Amino acid sequence: MGIVERIKETEAENGSDAEEQSYRVSSWSAQSKDCKAQNTTLRASKSGDGFEVTKYGHGRVALIGFPSVGKSTLLTMLTGTNSEAASYEFTTLRELEAVGLRLNKRPPQIYFKKKKTGGISFNTTAPLTHIDEKKLCYQILHEYKIHNAEVLFREDATVDDFIDVIEGNRKYIKCVYVYNKIDVVGIDDVDRLARQPNSIVISCNLKLNLDRLLARMWDEMGLVRVYSKPQGQQPDFDEPFVLSADRGGCTVEDFCNHVHRTLVKDMKYALVWGTSARHYPQNCGLIHRLEDEDVVQIVKKKKREEGGRGRFKTHSNPPTRIADGEKKAPLKQ
Ligand SMILES: Nc1nc2c(ncn2[C@@H]2O[C@H](COP(=O)(O)OP(=O)(O)OP(=O)(O)O)[C@@H](O)[C@H]2O)c(=O)[nH]1
Ligand SMILES: [Mg+2]
């Protein structure tokens, strides 16, 4: 059953008031527009005290939102733990932008390198519509007191993109916009919200779409679980090795490095079962890209026999000589 049908069914049960619902949605969207307007004007962050979060686990997800939107409820539903209430400044979208976080954006395709001499060389491989190459870029570089640099625009980037590249400390992270409490808004509004990019609609109270949210979070993080299989034994499905592109990559080599740093040297080939393998098991080398829930067995090189290899091999037992052979007993007459 699709989300719209599930909501319709729930609405019929609850007999919810359509007018009240549409009021709530319109007040919410006014609030978000307001936030966007402030977003464009904010230049520097004047936030208060910072806070620290201990880094552990394979991936981290931050829940950010206005008060009482249901963050704690969602956390409890997804993890089964009770969340500690904490009110941090620093948690609106405009503040995230101001401290250098870029949501759902890839780094701008601009090559920038400071130099010691030679002035500024400016080139483009794409026509620029947002930026005047001669004036604005030189002015921006002048502001940053950069007088010698090489700049190459590989795409039609904006001034803000260029500043991000010069600053060089931006973090590009993925973000999913979650609209909770869809049980109290009209079906048309839910449909509209669900169709927005990078968005998902849920209801913690009715447990609607939580499974899809979890799957989406997993997909966005790009975590790849790989089960190791010791030779002659069943794979260990309890404790997967978790790889991801952000943390070194997802190849057989990355898997070996996760297991032990000397394993790459000792590996002869890897046997792989799962979606990345063309047949089961596939013999793979270090560059093979693993996929989620693959099973991997590393076959190690045999230890070198002492005394060289092939025809250079020295035998521990000296070759038997004809003279040493047992003499045949004389034929009986
Ligand atoms: N109708 C409805 N109410 C919900 C839903 N999810 C949460 N709530 C209610 O919304 C209220 C606020 O939820 P919280 O989880 O405390 O919200 P919060 O975002 O953690 O709030 P702060 O910690 O103050 O920022 C509670 O009364 C929840 O019962 C939902 O899906 N539908
Ligand atoms: Mg809370």
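The model is predicted.

**Around ligand 1**

Ligand 1 is surrounded by 14 residues. The closest are Ser68, Lys71, Ser72, Thr73 and Cys204. By type, the shell divides into four nonpolar, seven polar and three charged residues.

| Residue | Protein side | Ligand side | Distance |
|---|---|---|---|
| Ser68 | polar backbone atom | oxygen atom of ligand 1 | 2.9 Å |
| Val69 | backbone N or O atom | oxygen atom of ligand 1 | 3.3 Å |
| Gly70 | backbone N or O atom | oxygen atom of ligand 1 | 3.0 Å |

On its own, ligand 1 has 650 Å² of accessible area, and the protein covers 67% of that.

**The second largest pocket**

How much space lies in the second largest pocket? About 220 Å³. Its lining includes Ser228, Lys229, Pro230 and Gln231. Phe241, Phe255, Val259 and Leu263 also line the pocket. Val296, Gln297, Ile298 and Lys300 complete the lining.

Two or more lining residues come from each of α9 (252-259) and β12 (294-300). Strand β12 gives the most, with four residues. The lining of this pocket divides into seven nonpolar, three polar and two charged residues.

**A salt bridge within a helix**

The structure holds 11 salt bridges. One of them joins Asp189 to Arg192. Their closest N and O atoms are 3.6 Å apart. Side chains of opposite charge can pair when their charged atoms come close.

Where do Asp189 and Arg192 lie? Both are in helix α7, which spans residues 187-194. They are three residues apart, about one turn of the helix.

**Two backbone features**

Most residues other than glycine have a negative phi, and most peptide bonds are trans. Two places in this model depart from that pattern.

The first topic is a peptide bond. From Tyr280 to Pro281 the bond is cis, with omega near -20 degrees. Pro281 sits in the loop between β10 (267-273) and β11 (282-284).

The other topic is a phi angle. Lys145 has phi near 55 degrees, a positive value in a residue other than glycine. Lys145 belongs to the loop between α5 (135-143) and β4 (149-153).

Definitions and conventions
Residues numbered from 1 in each chain as written. Chains lettered and ligands numbered in written order. Predicted model: local features only at pLDDT ≥ 70, side-chain atom pairs only at ≥ 80, totals over all residues. Heavy atoms only, no water. 1 Å grid on protein atoms, 1.4 Å probe; cavity = no way out; pocket = protein on both sides within 12 Å on 5 of 7 lines; lining within 4 Å. Points joined across faces, edges and corners; volume = space filled by probe spheres on them. Nonpolar A, V, L, I, M, F, W, Y, C, P; charged D, E, K, R; others polar. Near = heavy atom within 4 Å. Polar contact = N/O pair within 3.5 Å; in protein donor to acceptor, adjacent residues only side chain to side chain. Areas by Shrake-Rupley, 256 points an atom, 1.4 Å probe, with all protein chains shown as cover. Salt bridge = Lys/Arg side-chain N within 4 Å of Asp/Glu carboxyl O.
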